[in-house]
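Work through the exercises below with the sequence and the model open beside you, and try each task before you read its solution.

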Amino acid sequence: ASAIILSNIITCDAYKDFNLYRTTGNHHNPYSIDGANKCHNATPSTSTAGSMMDESVIEANVSVANNFIREFFNPLRVKQLFERQLVFCFHYNTQALEIWKNSPEKFFVDEESGEGMGVEYLHVRTTSERLFLALLELQPETVTEILLSLLQDVERQNRVTGVDTSAPGVIDAASLNAEILLWDAVYTATGLGVEVIASRLGLSPTDWLLKIIGPLFSNLLQSNKCGSLQPGGQQILRARMLKLISAWISQFDVSVHSTILPFLVNLLSSQSNSDVVVQLSTVKALSSLINLKTFQHKALVPSALPCIQALVQLIKSSLEESETKQLVLALIKDIIQLVGVQIFDPNHPDSTEYALQLSSSLLSLWDSLDHDDIVRSSVLEVFIVFIQSTKETATNANFNDNGHSISLVERLSANSNSTYNLSGALLELITCATTSFIRE
């Protein structure tokens, strides 16, 4: 409640739609669209001077209010408010952490939608973020000074990211958990205030990534317990740093995209020992990266096939919710659309092998699905994009089907008649897509 009140006072958002200047006669609220239009279109009259006087009074009142806000929210008070936010307001509550522990996929969905973690948690998080942004706008120097003093403490960050919380000798797990949650809050704020913070960082965002954030993330990859809460094992800092990278991705130079890409792809592999929340956060970070206007698509070519195979395995082995499956399938579709033509170029010596491997992965995914029509529709859309990208390879590459050599198009047609067939409209859609390329 306090966060709502304070953010409303700073931004006045709660009062924009409240008519403080009731319309009487020819007088209108100059801050409403209707009132502004009526004032603009009004014909000159003897009341013009009175209207101008009203507006000057309003402007004077607004000026007084703004001065009051700035006097009340002075640097010292803003510092105290923001420090309390970091300690008390940006943390996950017990209910949220319990959901993460028992059902990480549900946690990811609930956090993205803002539902499922309780009204209290949702209100605290959303209003705290709103208050933070209001404080940042009002006193950017004060807020960024606090954040930067923490972000520049690399030694402290190394301690919290490089310690295996389950290792012998780590006695005070409670203190370490508190430190993990604090840095989760710091990185949350750093992601929210990216535009303001980037201009005051003291070094370029790219240098910050390479010299500080990158090494810290490498610390977290030493063990799946590094940066993880105990005893639940929630990989808090891995997930948060991925969200931080997603928020800052447009700030980094194009030159480091080729460094970030394989790093993210590796996080999808089973060798990284990442939990589902981290893997799905990686999916979002990858999507943010490859959809940048400045991203060079050719950098994706070497990683495309292993990335898609890892994403397919993620769906098959770890995901149950339609929403998360579709999120992953959307990334697969984007990858094929961006580089499929280059990967499956008939003149490329490995194009047929690539097509066979990818189609086998996609077909295994198709065959693993049961009754989720929405997801199977999304898989079919991926197949269509795949066929469009492979062109000649799609019709010439052969599968071994019970001793018979058949093309990808024939394999898809055979599969569409199985117990998992889709609706007639979707079958017609893929038939049209494949037929057009057979004719070519």
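A cavity is a set of points, on a 1 Å grid over the protein atoms alone, where a 1.4 Å probe fits but cannot get out, and its lining residues have an atom within 4 Å of a point. Grid points are joined across faces, edges and corners, and a volume is the space filled by probe spheres set on the points. The model is predicted, with local features needing pLDDT of at least 70 and side-chain atom pairs counting only at pLDDT 80 or more, while totals for chains, interfaces and linings use all residues. Residues are numbered from 1 along each chain as its sequence is written, and side-chain values use heavy atoms, with hydrogens and water left out.

**Exercise 1.** Describe the second largest cavity, its volume and its lining.

Solution. Rolling a probe the size of a water molecule over the atoms shows where empty space is left. At least two lining residues come from each of α16 (301-318), α17 (322-343) and α18 (351-368). Finally, sort the lining by type, with Ala, Val, Leu, Ile, Met, Phe, Trp, Tyr, Cys and Pro as nonpolar, Asp, Glu, Lys and Arg as charged, and the others, Gly among them, as polar: the result is 8 nonpolar, 1 polar and no charged residues.

**Exercise 2.** Compare the span of α18 with its expected value, and list its buried residues.

Solution. The expected span of a helix is 1.5 Å times one less than its number of residues. α18 has 18 residues and reaches 26 Å from its first C-alpha to its last, close to the 26 Å expected. Taking buried as under 20% relative accessible area, exposed as over 50% and partly exposed as in between (1.4 Å probe, protein chains only), the buried residues of α18 are S351, A355, L358, S359, S361, L362, L363, L365 and W366.

**Exercise 3.** Which residue lies over the face of Y92, and where do the two partners sit?

Solution. A charge sits over a ring if NZ of Lys or CZ of Arg is within 6 Å of the ring centre and within 35 degrees of the ring normal. R125 lies over the face of Y92, at 5.0 Å from the ring centre. R125 is in helix α7 (residues 119-138), whereas Y92 is in the loop between α4 (75-89) and α5 (94-102). R125 is buried, with a relative accessible area of 8%, and Y92 is buried too, at 6%. R125 and F90 are 35 residues apart in sequence, yet their C-alpha atoms are 6.1 Å apart in space.

**Exercise 4.** Find the backbone features at P231 and N273.

Solution. Most residues other than glycine have a negative phi, and most peptide bonds are trans. The bond from Q230 to P231 is cis, with omega near 10°, and P231 is in the loop between α12 (205-220) and α13 (236-248). N273 has a positive phi, near 55°, and lies in the loop between α14 (257-267) and α15 (276-290). N273 is partly exposed, with a relative accessible area of 46%.

Methods. 1 Å grid on protein atoms, 1.4 Å probe; cavity = no way out; pocket = protein on both sides within 12 Å on 5 of 7 lines; lining within 4 Å. Helix = DSSP H or I, 4+ residues; strand = E, 2+ residues; numbered from the N terminus.
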